[in-house]
Amino acid sequence: MSAPAAQRPTARPGLPRPGTTGLVYLALLAVLLAGAALAAARGQELLTTANTVDLLTRSSLLGLVAIGQTLVILCRSLDLSVGYVMALSSVVGATAMAGQGSRIWLGVAAVVLVAGLVGLANGLIVTRLKVNPFITTLGMGLIIKGYLDTRYKGPAGDVPAEFQLFGYTRIGVVPLSFAVMAAVAVLAVVFLRRTRTGVHMYAVGGDAEVARMSGVRADRPLLAAHVLCAVTAGLAGLLIAARFGTGSTLVYSSGYELESIAAVVLGGTYLLGGRGGVGGTVAGVLVLATLDTVFNVLGVDPFFKDVLRGTVVIAAVALYARRQVDRAATPPRFPPPPLLPPLLHRRTGGRP
Amino acid sequence: MTATGVPGTLRRTGAALAGGGSGTVYALLALVFAVVFAINPSFAQPPSLLAFAQQAAPLVVLAVGQYLVIVAGELDLSVGSLVGAQVVIAARLIDGQESATLPVLLLMVAFGAAVGLVNGLVTTVLKVPSIIATLGMMLVLYGAVRLWTGGAPTGALSEAFRTAGRGDAVELPLLGGVPWALLIAAAAGAAAVALMRAPQGRTLVAVGDNATAAAFSGARVWRVRTLAFVGSGVLATLAAILIGGFAGVTAQVGEGLEFSAITAVVLGGVVLGGGRGTVVAAIGGALAVEALFTLFNQLYLPSTIQPAVQGLIIIAAVAYASRERSRRSPRAPADAGGPEKSPREEV
Amino acid sequence: MRRSRALLAAGAALSLVLTACTTDAPTDGAPDEGAETGTGGDWFDAEEYEAQLAQRDIEPEGPEDEPWLQAIDPEYADTSEHALEGAEREDPTVCFSNASVSNPWRVTGWITMQQQVEVLQESGDIGEFRVSDAADDDNQQISDIQAFVDSGDCDAIIISPSTTATLTPAVETACESGAPVIVFDRGVNTDCMVSFIHPIGGYAYGADAAEFLVEELEPGSKVLALRILPGVDVLEHRWAAAQRVFGDSDVEVLGHEFTEGDGATIKDLVTQHLQRGEVDGIWMDAGDGAVAALEAFEDAGRPYPVISGEDELSFMRKWEEEDLTALAPVYSNFQWRTPVLAASMVLDGEEVPEEWVLPQEPVTEEDLDEYLERNAEMPSLHYAKFGGEDLPGYPEAWQDR
């Protein structure tokens, strides 16, 4: 929230301070090495073809959700409805396709439309009705849950074999779904760096007030972030449908909303907005997926997995939290008193 | 209280009740109860209302705990898991022996405080955002307690343990039995109100409002926030005692309570990000959430639609409150752009 | 510079696509069109319903004191192609993809299965028992099954699917690997597996419970239905059958509520229904929290209802203590023993029923005492018909789980 970043919103303001993203990739490397060593100690191999495919497939699903989540978090918002949007999208996509290869595009279009509308509703409620995003998206999730439970009693729709390839095809060890996720990630990076709305997202997240005074309209980037977040969750829902061969309403209980937030924060994006990026998020997702693969290879008790997952997430975030701005500093309602900037600079290790 | 006397207190209470967008929650509460009474007049009888109070008590206690954390600018997602863990711990350690009740209760309180302390220190000293710190704690507690019990709770609670959540404290002539849970929740609420009036309470709000300013005026921010988490952990333990007492042990106990508690607090007009809102309004929010469930039930609303209606009402209520707030509060320069803080508060 | 690098990357990716494209999708991927569970519509299948009701009265074949080896109307499948010979038959690896151990019923069954596995390992019938647990995540379970297939180590694959429709492609993949596949508990929309093991089913469970209530209650009595959650086929079948039975009776159904099996929610809901009027009967799609429902009656000072719970011990003990009018429908927990035994049989080339329908008999007033006595040492949230009394780890394994 240091003022220099927010006051120069167009000058590539919010790139993570050198090191944060790098640190995440270092963490990924560390997890991979530690996992490989542990597996080797038990006479097993971590990155066999099967395990790598598994790892990358796992990351593609969470990755799609987390990329969208990154955008909203950069805008100092968040989206707790992504799991429900995934479930809705998988059902909408699978029913629209109705088992026919010729209707695939109809299914995809329907999902993008429906998910986009949900995101738009989230964005409008947050920006126009001024409802806290936590409550907005929690409430939206409940609304979708109510609709799904009432309208569909369990799995619905039928995904044609051609579209199931989306979930199962791979190029060497890289699943198609992972390539799609990577492509979406690249698009998101370009969007954040090269488009007006994208750059403004950092400004809005940095400090909405300052951003507004310097001519950025806070509403538009926020609205765009919510729509894009819902659409990437929709894509994740399509991937689910392709993997399952049908739409599944029960996906909403899989906890993707909190896991995606964890991935974003693990990826070094500042939970208060304005700082971070998609590159880190992808690394964060890979860290979580690697952990799961390691646990699987080692045959860790399912309950102990939760304990380890919780501990590792906290420990990892704690490790590089020190490098970020002191969270206690300057809530947005009060502009920082004149005394503060030098102090902040010292604490952040002197941003340019 | 001593300086201004009763009128001052009344005025302050009145202002607290009406101010800061929390008026919405009382209006909502009154509306829901009016509809429930209209549908089912017998619900207005003391026994039904006391039963309602008994059911609402755990959420009220949780909301008070969550309020402490939220008003200090943080969030506690671990309370649901903590409630579940505590009930399971109680059942396993007590294992039906009456004599074990008191030691186990003390142990639970210590455990709750320890969990809160860890949450607080991880958040304040290790600088992990509280949403992540408490999310991690939620996973750890969920997994650890199942690891310990092999996946399904074992043992049984003692009769004495169950009294708090299930039993009546006194039998009054007209009202019937007054449940312990009501008295306990009221005591927790009153203690919280007293705390918020005391200098420590003001410091808590000040820290949530503007930690830097609070630090400049001498508050030890990390300590205040850590204590708020400890408070939340202890109150979650109290809620666990009430819930376990009310309904006994099931494998799913506690699940999802963190979101109910946060919803209740926000519904009460308390701003996520800290510094605004009263504990009385948070309690009102908890009662409103419980009253909504009662309403759905009285309306015979199909249970699949209930979440959708709940979601709509929550969004509408918070939107309305936020409109009221921006209309009432004079537009300070810093406030001009956004309604309250900014799109998302310091979560 | 940047652009040319991107072009290079795209070129590399394209050449990779052309050279190394593979798919792990099941080749005959199109799921069954007619599978009633895949359409999301009505859960009621009249034919299956009638079949299950009839199966309740059929005497099962098999050893009398080992219900987990009994089968109703079995049609045996030849498994000689899966038989292992000589050195291969020694210590074969059996892989088990478990949906989860996230509720007490699954916890109890999982212990029983592990105990059974130990016996088979002692005798050398199976070697390594490799397990993965998907923690109720369908996508995870698809990956788990894929991992078993890719490892190439599994001589037999046992699957307990987390959701019927969504696991179908993964089970097909497992079948194509050539290893014999055994599915139990919930089914899938394919018949590629060697054996599908399950108790009679959800319709029979729901009908047992509903018929009992109809029989015990006066005409015009009011019944409240408590359900765990929507959209899970085994649970939806129970409710579909109950609706059918109640629909043909003079009993009035007040409504149905979803409780997620949480005692506090159950007690809360029942209390509210009692505030509004009479409740004479409680129908439950699973017994979790039945005691909480009964306590709501106690606390409101009302007489106990006629209730159908499950063979879960805290409910059965309450039943005996309070001398309730009750029934404990059973979703046979002992079915967890059958798949490992079946795997061992298949690896020997012995024939097994293609659809292995295990008996499923409710616990009634008459045999309540017997089952309570047999399980006297067992903790709450243990299931009476777990069928592990003859296993070496009995009773400690189930007591200190």
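Predicted model: local features only at pLDDT ≥ 70, side-chain atom pairs only at ≥ 80, totals over all residues.
Local features need pLDDT of at least 70 and side-chain atom pairs count only at pLDDT 80 or more, while totals for chains, interfaces and linings use all residues. Residues are numbered from 1 along each chain as its sequence is written, and chains are lettered from A and ligands numbered from 1 in the order in which they are written.

Start with chains A and B. Here 60 residues of chain A are in contact with 55 residues of chain B (contact: C-beta atoms, placed from the backbone, within 7 Å). On the chain A side, select helices 5 (104-127), 6 (133-151), 10 (208-213), 12 (256-266) and 14 (302-321), each of which supplies at least two residues. Helices (H or I, at least four residues) and strands (E, at least two) are DSSP runs, numbered from the N terminus. Helix 6 of chain A gives the most to this side, with 14 residues. By class, the side of chain A that touches chain B has 38 nonpolar, 9 polar and 13 charged residues (nonpolar: Ala, Val, Leu, Ile, Met, Phe, Trp, Tyr, Cys and Pro; charged: Asp, Glu, Lys and Arg; polar: the others, Gly among them).

Next, select chains C and A. The contact takes 40 residues from chain C and 33 residues from chain A. Helix 5 of chain C gives the most to the chain C side, with 8 residues. That side divides into 16 nonpolar, 16 polar and 8 charged residues.

Finally, stay in chain C for an open sheet of 5 strands, order 9-8-10-11-12, with parallel pairing (strands pair if DSSP finds at least two bridges between them). Its edge strands are strand 9 (252-258) and strand 12 (326-327). Strands 10 (281-284) and 11 (306-308) of chain C pair over 3 bridges; Ile282(C) stands opposite Ile307(C) in strand 11.

Technical notes. Contact = placed C-beta atoms within 7 Å.
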